[in-house]
Amino acid sequence: MDKLIPVVSKLQEIYNQAKLPSNLSLPQIVVVGAQSSGKTSVLESVIGGDFLPRGSGIVTRAPLCLHLKHVDSGSECAVFAHRPEIMYTEFSEIREEIARRTREVTGNETGISKEVITLKMYSRSVLDLTLVDLPGLTSVPVGSQPQDIDVVVRELVLSYIENPNSVILVISPANVDIANSDSLHLARKVDPKGDRTIGVLTKLDIMNKGTNASAHTIKMLEGKKYPLKLGYVGVVCRSQEDINKNKSMGEALAKEQEFFDAHPEYAKVKNGCGIPYLTKKLNELLALRIMQCLPSLKQSIEAQLHDRIVELNSYGFVPKDKNMQNMQLVRLIGEYSKELSASIEDSINPVLDNLGTGARINLIFNEIYANSLTSLTPLQNLTEVNIRTAILNAKALSPSLFIPESAVEMLIRSEIDRCLKPSLCCALQVYGELEYIAMHPQIPELLRYKKLQERIVGAARMVLQEGLENANGRIGELVEGEKGYINFNHPDVLTGTTAVLSMMRDSKILSEEYKEFSELITNKQMKHLVVMPKSAPNLEVQLLEVDSSKTKNEASIMEEIPAILRAKSEATPKEALEVLIIKELISSYFSVAVTRIVNLVPKVIMNTLVAKCADEMNVRLLSMIPEEELEGLFEEDAGVAEKIKACEESVKELKKALRELKCIKV
């Protein structure tokens with residue numbers, strides 16, 4: 001039993017100094033109290049010296065972890081974890097160093113810090129204990145204190161008392177109604193049954209005159225008013241007057257004993273009161289708590305030791321000669337390539353709060369890209385004037401009763417061109433996903449060599465850029481292929497006859513003449529050619545208007561032709577019919593072309609870009625890093641070297657702590 005508390009104190013020191021993960025719930029006594037509750041006086045009485053800074057407002061502004069170690073002989077001293085080379089023998093020096101360190105970690109005179117100040121004290125007058133002194137609870141900021149200081153302090157206190165292995169030491173003044181104790185209310189939140197909370201009632205000697213101690217304080221001490229399973233302890237500490245008069249701790253303890261012996265009511269419970277009793281009880285409670293959680297404590301340390309050993313092994317070793325460097329390079333590039341492939345397949349470190357690379361690429365193909373292409377509206381950039389102009393250009397010198405097929409093809413090609421930009425953007429987005437995983441390798445051993453990592457990552461980026469260029473070229477060829485052969489025989493494309501009939505059913509602007517023409521087409525069952533009716537009026541397209549106000553002689557004179565000629569804004573019935581037919585044909589063909597492109601572009605990207613990353617990366621990287629470059633690439637990164645050193649130290653300390661724990665027989 002005697003080894004329990006020192007071992008856990010050592011563990012606490014290791015975790016604070018070695019910056020080990022703080023998920024180990026170490027047994028400790030957490031001191032909680034409001035400002036002016038007597039918290040400082042209780043701690044100084046337990047330790048036996050004036051070592052804590054005093055003043056108005058919040059004086060304790062950072063967690064102070066106190067490791068008390070009883071010694072039978074030798075010098076009494078104190079050592080701070082942040083200054084292990086200095087041994088303090090005077091309480092005044094300890095007090096000054098706590099104040100100085102507090103200013104250092106908080107950065108000012110009013111802030112609160114989570115950084116722990118660790119102090120080990122060796123004395124013949126103390127029992128083995130581990131205490132954590134926290135800032136006093138407050139309700140409102142005072143002076144230049146931060147406006148949210150009450151919230152900051154409460155969150156800090158909760159972070160310590162939430163530890164299920166901690167013992168909560170709640171300090172409350174006896175001259176204040178216990179129902180208003182913020183400290184007890186906060187402890188009740190994390191320990192609703194009071195299984196690990198012990199109360200301390202201070203200032204019993206200065207209760208207001210006329211107060212019925214028997215009806216109030218005695219009931220509290222007996223656990224009848226606000227019960228705690230670990231009970232309450234009443235104490236009488238030095239008053240401010242005693243401190244001003246430099247009354248020693250020995251004198252204060254003697255005065256406390258006289259108070260309990262002489263008081264007619266407290267004499268009945270004096271065996272459960274006083275600083276000596278509190279110190280002994282805390283020692284026993286802490287030892288019991290350690291004993292109870294020892295098995296789980298061992299398991300936690302073993303798990304952390306295993307994780308640290310695995311981490312240390314993951315950094316590998318520094319190769320000394322060229323043969324070893326070459327072997328190391330081959331192995332690391334192989335692991336890097338495997339990591340890329342695994343990331344694409346989402347088989348590495350699956351997470352629930354974010355999509356992996358493979359899933360993101362799939363989303364790009366089937367949602368982002370597909371939606372962007374299928375949302376393209378046919379004819380969006382083509383006006384009726386554009387279409388009629390294209391028809392006139394296609395007819396050229398030979399006016400025809402048929403809609404020129406070349407005009408339709410030219411307009412369809414201009415629409416298919418709109419698919420190129422979204423397709424190239426799709427390839428670029430996929431490249432971005434691959435580049436991200438290539439630029440952020442998670443291989444610890446590769447992180448050890450920064451220059452090698454930069455060289456491999458740079459080479460991988462070049463491979464991906466080649467793949468992107470190939471993908472862009474293939475996508476361009478794919479779109480050009482769609483434009484190069486316009487297949488009106490595709491089963492999903494409307495024929496000319498079908499387009500005319502569909503248009504005539506839906507259009508309300510066609511004359512009876514053209515409706516008769518619809519019947520003529522149906523009777524002749526024409527499938528591919530559209531013929532204009534002979535009776536169609538105004539077959540000639542008037543490009544220029546003649547001013548009717550001019551005389552015959554003036555009108556007969558040839559007018560100068562403008563540099564740019566377009567179809568008139570007002571269409572003839574024949575032109576309107578031709579435009580409607582072409583719109584139907586373009587919309588039908590564009591829909592089929594988009595479907596083909598949406599299906600083929602992801603295949604092109606997978607074949608030229610993603611597959612290159614997954615299948616060819618290993619071979620390409622080995623060919624891009626020549627052997628003569630190896631010597632300078634295996635220089636160990638200084639930052640990683642520090643991590644390795646810290647990891648080695650952690651393994652050493654955890655093994656030591658585990659040996660100590662295994663020596664304790666449960």
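I count a contact when heavy atoms lie within 4.5 Å. Helices (H or I, at least four residues) are DSSP runs, numbered from the N terminus. The model is predicted, so I note the limits: local features need pLDDT of at least 70, side-chain atom pairs count only at pLDDT 80 or more, and totals for chains, interfaces and linings use all residues. Residues are numbered from 1 along each chain as its sequence is written, and side-chain values use heavy atoms, with hydrogens and water left out.

Entry one: α10 and α16.
I looked up which residues meet here. Leu329, Leu332, Ile333 and Tyr336 of α10 meet Leu452, Ile456, Val457 and Ala460 of α16. By class, that contact has eight nonpolar, no polar and no charged residues. (Ala, Val, Leu, Ile, Met, Phe, Trp, Tyr, Cys and Pro count as nonpolar, Asp, Glu, Lys and Arg as charged, and the others, Gly among them, as polar.)
Next I checked the geometry. The axes of α10 (residues 322–344) and α16 (residues 450–484) come within 12 Å and cross at roughly 50°. Axes are lines fitted to C-alpha atoms, for helices over the stretch in contact, and angles run from 0 to 180 degrees between N-to-C directions. The two helices are therefore oblique to each other. (Under 35 degrees is roughly parallel, over 145 roughly antiparallel, 65 to 115 roughly perpendicular, the rest oblique.)

Entry two: α4 and α5.
I find α4 (residues 149–161) packed on α5 (residues 182–190) at about 45°, with axes 10 Å apart. That makes α4 oblique to α5. Arg154, Val157, Leu158 and Ile161 of α4 meet Leu186, Ala187, Lys189 and Val190 of α5. I noted six nonpolar, no polar and two charged residues in this contact.
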